[in-house]
Amino acid sequence: MKNEINEKTHRTQWLTWIACIIIGAWFLTGCDTKGKDEKTIAHYTKIIELNPDDADAYNNRGNAYADLQQYENAIADYNKTIELNPDYADAYNNRGIVYADLQQYETAISDFNKAIKLNPDYAVAYYNRGDTYTDLQQYEDAISDYNKAIALNPDDADAYYNRGNVYYELQQYETAISDYNKSIELNSDDTEAYNNRGNAYNNLQQYETAIQDFNKAIEQNPDDAVAYNNRGNAYVKLQQNERAIADYNKSIELIPDYINAYYNRGLAYMYSQQYEKTIQDFNKIIELNPDDTGVYNSMACVYSLQNEKDKALAWLEKSLQKGFDGTREYIENDEDLENIKTDPRFKQ
């Protein structure tokens, strides 16, 4: 059976703040208010009607469309900006962000490359290309871009944060913690950095330190369901199952469809030998996502632990029919299935 699921938060709001930077200080006062996007579009549409060759107006209207996730309109405006001014680095950067949001990563990278070619000191473009390489799991390229972004702008807390996330994915947890430390130093209100640093400490088995970080994340954002989930995992590792269950309960209260929290709570119940409650949580996961193949295997484990061989074997068979990706070696080495391994049906 797989272990508890830690959840690492990923920064997703970079489109808005980059758009703010590009639009300029004269528009900065309204750029964080989504309700103004429609008025912004109308404003720039009027400017374009008066001056159809205003490249800045197309770029800025594109930013407003992008903020509303009207991506095709945004791309059309960035295209027009570039048609009017082929050396407009910001337009290439902004169009790249939209392509990245559309998961057209190679096209996005092409745009970021062009923006950097036009402006070799364009820290934001390096940052965004680093994000895109991260999405492609090209982690060494991502680190190189974040390094460049930090060299150009040493006070960019987000660049440290995202580079920390890459080191986390590479299981270089101590290096990740160093980057999260710097991100928090630059922005002490960064709830996500506390949460992800807590996960890194969890993976280093420094559970008490991890709990301190999750406490800080929850203090800053009492509605942070992910932090409750992750703190619950730390409590499980410390064999404080009741505290863990309380945290998972809170997480589910905040996000009723939070599959990871149901799974982790199910494990905590299982460790407490409250098997019926485990089964209830795993059934809830199947209700929410019938294609989650892992939970069928976990059901087999729960019934095996209760020595209910027929049910355990039935769930194991169902997991394989559903496409559970665990290898035969993984299944044979799973200690939770020990009670059914002597059954001839297990070998089939």
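Biologist: Which helix does Ser183 lie in?

Modeller: Ser183 belongs to helix H11; helices (H or I, at least four residues) and strands (E, at least two) are DSSP runs, numbered from the N terminus. This is a predicted model, in which local features need pLDDT of at least 70, side-chain atom pairs count only at pLDDT 80 or more, and totals for chains, interfaces and linings use all residues. Residues are numbered from 1 along each chain as its sequence is written, and side-chain values use heavy atoms, with hydrogens and water left out.

Biologist: Is Ser183 buried or exposed?

Modeller: Ser183 counts as buried because its relative accessibility is 0%. Buried means under 20% relative accessible area, exposed over 50%, and partly exposed in between (1.4 Å probe, protein chains only).

Biologist: What is Ser183 in contact with?

Modeller: Leaving out neighbours within four places in sequence, Ser183 contacts Ala157, Tyr160, Tyr161, Asp190 and Ala193. Contact means heavy atoms within 4.5 Å.

Biologist: How do the axes of H11 and H12 cross?

Modeller: The axes of H11 (residues 173-186) and H12 (residues 191-203) cross at roughly 155° and come within 9 Å. Axes are lines fitted to C-alpha atoms, for helices over the stretch in contact, with angles from 0 to 180 degrees between N-to-C directions. H11 and H12 are therefore roughly antiparallel (angles over 145 degrees; under 35 is roughly parallel, 65 to 115 roughly perpendicular, the rest oblique).

Biologist: Which residues make that contact?

Modeller: H11 contributes Tyr173, Ile177, Tyr180, Asn181, Ser183 and Ile184, and H12 contributes Ala193, Tyr194, Asn196, Arg197, Ala200, Tyr201 and Asn203. They divide into 8 nonpolar, 4 polar and 1 charged (Ala, Val, Leu, Ile, Met, Phe, Trp, Tyr, Cys and Pro count as nonpolar, Asp, Glu, Lys and Arg as charged, and the others, Gly among them, as polar).

Biologist: Turning to Ile218, where does it lie?

Modeller: Ile218 lies in helix H13 (residues 207-220), and it counts as buried at 10% relative accessibility. Beyond residues up to four places away in sequence, Ile218 touches Ala227, Tyr228 and Arg231. Ile218 and Thr191 are 27 residues apart in sequence, and their C-alpha atoms are 7.9 Å apart.

Biologist: And for the chain, how many helices and strands?

Modeller: The protein chain has 20 helices and 0 strands. Of its 348 residues, 53% count as buried.
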